[in-house]
Amino acid sequence: MSLRIYNTMSRSKEDFIPLNPPKARLYCCGPTVYNYAHIGNLRTYVFEDILRRTLLFNGFEVEHVMNVTDVGHMTTDADEGDDKMQVAAQREGKSPWDIARFYEEAFFHDTARLNIQRPEITPRATEHISEMIETVQKLEENGYTYLTPEAIYFDTSKSEDYGKLARLNLNEQKQGARAEVIMDETKRNPSDFVLWFRNKPTHIMKWESPWGVGYPGWHIECSAMSMKYLGETFDIHCGGVDHIPVHHTNEIVQSECATGHTFVKYWMHGEFLLTNNAKLSKSTGGSINRLQALIDAGYDPLGYRYLCLQAHYRSELNFSVEALEGATAGLRKIYAARPENDPFANNETGYQEARKRVLDVINDDLGTPQAIGILHAYGSHRLWVEFDAILGLDIAKRSQPVEEALSEEVVALIEQRNAARKAKNWAESDALRNQLIALGFEVGDGPQGTTVKRKAL
RNA sequence: GGAGCCGUACCCAAGUGGCUAAGGGAGCGGUCUGCAAAACCGCGAUUCACCAGUUCGAUUCUGGUCGGCUCCUCCA
């Protein structure tokens, strides 16, 4: 079966047919780097990594771009808040650029620990200001903009199909559904959005533009950078579901009005991670929702990755420590599948049939939960390892007993324990075992005496 | 107010108009063990929030009720 993916634009699964096979051009909305990513953010990047790896597995040449949003919301008084790191950085007189670089590094550190492959290109918004200005100029030439003292706006009333992705019914939208949203009185339509903020000389991050000193609007960077690296029409654009009504809607209209043709062929969106049945946010979650916090608490980051893979990317996932521990234990079972017990050891036909079953469910809109169910049922180490190219769980590496030279201390403890057991001195024997466990080993007693294995998780 | 999603065993979570409603974890029983750990074997929803309807037949379709969530606002 060929690859099928769910396209938000059509609200249905479609065969994936790239514009220029074997190339598959993919753009993913990346992190805003003025704060740490939380595990909910990271879930979306896991989903996109599965997509990327599935494309590669199917033989496509992937060109994957993910932006780094290092501009916006970075005034001195913006984001007044509870993030200690940012507060500290500002108190120490660090620049927004320093802050952005710091969190960008933290982000890629987290994704690396989740075995998320780094996209081929990860452009920074601040390094593409001229491309953004050019895109806005095209829109201006094409007559889709208007100028106010505050900004140059995109006039959504000039586009007949504005909101087609989200199927917005603009007449039914309530303006400022929340009280704290400040309406700009100079806007002509509620759905109009800023392309470039002008006359902002006090803003820290600011650039010259044809409309005055200021900074770009929140959507233009993705249009400018995706089209620069992938062309004016490309295959797949990804992001979180929250991007459908505003960010991607605006990206589409500004891109298509700038170029005059289709922006993206397939739109894919990852659902939210919930805790206590509510979405994560900076204000309610705090630092406990960072990947580092899980690692500090002794959890393996790949246990979290595996938890994500057990739920479909288009379904909400309820995160809890209990769920994470369950997933980690399940991952341990995968690592424990022994090559010598492989059910397909002398059955290549059976292996190929099983392989096809697994690939079919993955190729059906990334059915990793079903794939994992099937893989568990087979219990084939070889099959696990082959599909680890997609799952990214380090199965080959982690399921091998680590060939490490045991320290003299450990060797001595093992010898003492063997002696104690031979002498049926169970009290000492148990004490020695506890010492070995404390050193991070799994201890087993076989016919040849005590054996020791470094804990995989 | 508008738009949309969800409700499957203790937890996470697949799935389908009709063969036994995946899989993992936890739990229980067993093999093994000095005892364990690990591993392996076995057991768990007569039932898919609730109520109607369509149907020969619904957990799966339709309507309603209850509960929860998301978006319309920077946000994965």
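**Entry 1. Whole chain**

I began with the surface of chain A, which exposes about 21600 Å², with carbon and sulfur atoms supplying 49% of it. The model is a predicted one. I then looked up burial: of the 457 residues of chain A, 50% count as buried. For the secondary structure of chain A I noted 16 helices and 15 strands. I also looked up how far apart in sequence the contacts of chain A reach. Among contacts between residues at least 6 apart in sequence, 75% join residues at least 24 apart.

**Entry 2. H11 against H12**

I took helix H11 (residues 348–363) and helix H12 (residues 368–378) next; their axes come within 8 Å and cross at roughly 160 degrees. Angles over 145 degrees count as roughly antiparallel, so I list H11 as roughly antiparallel to H12. The crossing of H11 with H12 is left-handed. On the H11 side I found Ala 354, Arg 357, Val 358, Val 361 and Ile 362 in the contact, and on the H12 side Gln 370, Ala 371, Ile 374, Leu 375 and Tyr 378. By class, the residues of this contact of H11 with H12 are eight nonpolar, one polar and one charged.

**Entry 3. The loop between H11 and H12**

I checked the loop between H11 and H12, where Leu 366 is placed. Leu 366 is not a glycine, yet its phi is positive, near 60 degrees. Is Leu 366 buried or exposed? I found a relative accessible area of 2%, so Leu 366 is buried.

**Entry 4. H11 against H13**

I returned to H11 for its packing with helix H13 (residues 381–391): the angle is about 30 degrees and the axes are 11 Å apart. Angles under 35 degrees count as roughly parallel, so H11 and H13 go down as roughly parallel to each other. I noted the crossing of H11 and H13 as right-handed. H11 contributes Glu 348, Tyr 351, Ala 354, Arg 355, Val 358, Leu 359 and Ile 362 to the contact, while H13 contributes Arg 382, Leu 383, Glu 386, Phe 387 and Ile 390. The contact of H11 with H13 has eight nonpolar, no polar and four charged residues. I note that Ala 354, Val 358 and Ile 362 of H11 are listed in the contact with H12 and in the contact with H13.

I looked at the loop between H13 and helix H14 (395–399), in which Asp 394 lies. Asp 394 has a positive phi of about 60 degrees although it is not a glycine. With a relative accessible area of 21%, Asp 394 is partly exposed.

**Entry 5. H1 against H9**

For helix H1 (residues 39–57) and helix H9 (residues 301–309) I have axes that come within 10 Å and cross at roughly 70 degrees. H1 and H9 are therefore roughly perpendicular to each other. In the contact I listed Ile 39, Gly 40, Arg 43, Val 46, Asp 49, Ile 50 and Arg 53 of H1, facing Tyr 304, Arg 305, Cys 308 and Leu 309 of H9. The residues of the contact of H1 with H9 divide into six nonpolar, one polar and four charged.

**Entry 6. Single residues**

I looked up the peptide bond joining Pro 21 and Pro 22; it is cis, with omega about 5 degrees. Pro 22 is found in the loop between strand S2 (12–15) and strand S3 (23–28).

Last, I looked up Glu 428, found in helix H16 (residues 426–438). Glu 428 is partly exposed, with a relative accessible area of 35%. The C-alpha atoms of Glu 428 and Gln 416 are separated by 9.0 Å, with the two residues 12 apart along the chain.

Conventions:
Residues are numbered from 1 along each chain as its sequence is written. Chains are lettered from A and ligands numbered from 1 in the order in which they are written. This is a predicted model: local features need pLDDT of at least 70, side-chain atom pairs count only at pLDDT 80 or more; totals for chains, interfaces and linings use all residues. Side-chain values use heavy atoms; hydrogens and water are left out. Axes are lines fitted to C-alpha atoms, for helices over the stretch in contact, and angles run from 0 to 180 degrees between N-to-C directions. Helices (H or I, at least four residues) and strands (E, at least two) are DSSP runs, numbered from the N terminus. Angles under 35 degrees count as roughly parallel, over 145 as roughly antiparallel, 65 to 115 as roughly perpendicular and the rest as oblique. A crossing is left-handed if the near helix is turned anticlockwise from the far one by less than a right angle, and right-handed if clockwise. Contact means heavy atoms within 4.5 Å. Ala, Val, Leu, Ile, Met, Phe, Trp, Tyr, Cys and Pro count as nonpolar, Asp, Glu, Lys and Arg as charged, and the others, Gly among them, as polar. Buried means under 20% relative accessible area, exposed over 50%, partly exposed in between (1.4 Å probe, protein chains only). Accessible areas come from the Shrake-Rupley method with a 1.4 Å probe; for residues, only the protein chains shown count as cover.
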